[in-house]
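Hello,

Here is the structure I promised to hand over. Please have a look, then read my notes below.

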Amino acid sequence: MTEPLLSMRDVSVTYHGSGGAVPAVRRVSLDLERGGSLGLAGESGCGKSTLANSILRLLPPDAVVEGQIVLDGKDVLSLRPGGLRAARWTAGAIVFQGALHALNPVQTVGRQIAEPMLIHGTVPDEEAAERRTVELLGRVGLPAARADSYPHQLSGGQRQRVLIAMALACEPMLLIADEPTTALDLMVQAQVLRLLEELKEEHDLTLLFITHDLSVLTYACRDLAVMYAGRIVEDGPSWEVFGGPAHPYTKGLAAAFPTIGDPSSRMAPSGLGGDPPMPGSLPVGCPFNPRCPYATEACLEAEPELRIAGTDRRAACILV
Ligand code: ADP
Ligand code: MG
């Protein structure tokens, strides 16, 4: 077995803001093979973005990260600023949710795509950066003339494509996409997903894809990890996890989201009642027990660790 491109061991992230300590991510371990694709699912507030941002150390200064993160053989948490700058964009790049806020409103999109290349010296000069920008725009399905547009002159889907082009500018090995399609309408969502799939094949990208929509992940990713209250509660091959969830939380998520290929099911009522807990005040025992239809007395005793739930599958539930 070759070494995974990304390996996280017992990673915890705690925010130490004015409101006290917020343990947003708790002891997460995962591996992502080169060329693989992993989908991270879970409701809003479960720690997905915090985990994703820790990989390139894009967290605010009050966040403390513990554990070990190895990206392309480098220990991310001990990298000095120079090494970190090199790792960003080239080893890994991230596409954020909400393309309007992630782009500079007073700069042309062409300029914004060219910038990381010039900063990291992956092109020799301005002219080469311009050529590569046009090439990248073509790759994400935008005409060259769009380079001269400002973000507000583009549609939501076009802006998201610009962000993807930007992330690809320095040919990263790992592409992290944090809810890249959530703000888009269904048609555009499907286009952006297809684009990511194509790019993954062509550029031999490794993909970490984050969304709260399990059905989207099942399409786009080979493997799936489900987060709840800052921890991974289930993981395994996408279709198996989605088709036969082992953890009651995954069951709820799968029931809450549309059946693949059936537009009417998007209107189906949610399979989950209530809200996930706040990171600072978790319920005693299994954090999911207050919402779990199968909970027993035993679920109040301790927080379950991940255990084997089949070939390549794990789930953190005592009923498994
Ligand atoms: P997700 O991406 O799954 O919605 P996040 O990683 O954004 O989850 O958030 C996880 C938890 O951490 C939430 O409870 C959120 O309120 C909290 N959180 C996120 N960012 C900060 C921050 N800068 N300071 C304090 N708490 C934060
Ligand atoms: Mg998020």
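Tyr-249 and Phe-288 are both buried (under 20% relative accessible area; over 50% is exposed, in between is partly exposed; 1.4 Å probe, protein chains only). This is a predicted model: local features need pLDDT of at least 70, side-chain atom pairs count only at pLDDT 80 or more, and totals for chains, interfaces and linings use all residues. Residues are numbered from 1 along each chain as its sequence is written, chains are lettered from A and ligands numbered from 1 in the order in which they are written, and side-chain values use heavy atoms, without hydrogens and water.

The structure holds three aromatic pairs (rings of Phe, Tyr and Trp, the last by its six-membered ring, with centres within 6.5 Å; planes under 30 degrees apart are stacked, over 60 edge-to-face, the rest tilted). One of them joins Tyr-228 and Phe-288, edge-to-face, at 5.1 Å centre to centre and 85 degrees between the planes. Tyr-228 sits in strand β9 (residues 223-228), and Phe-288 in the loop between α10 (248-256) and β11 (307-308), 60 residues apart. Helices (H or I, at least four residues) and strands (E, at least two) are DSSP runs, numbered from the N terminus. Tyr-228 counts as buried because its relative accessibility is 2%. Phe-288 is buried too, with a relative accessible area of 2%.

Tyr-249 and Phe-288 also pair edge-to-face: 5.3 Å between centres, 65 degrees between planes. Tyr-249 lies in helix α10 and Phe-288 in the loop between α10 and β11, so this pair ties together parts 39 residues apart in sequence. Tyr-228, Tyr-249 and Phe-288 form one aromatic cluster.

Best wishes
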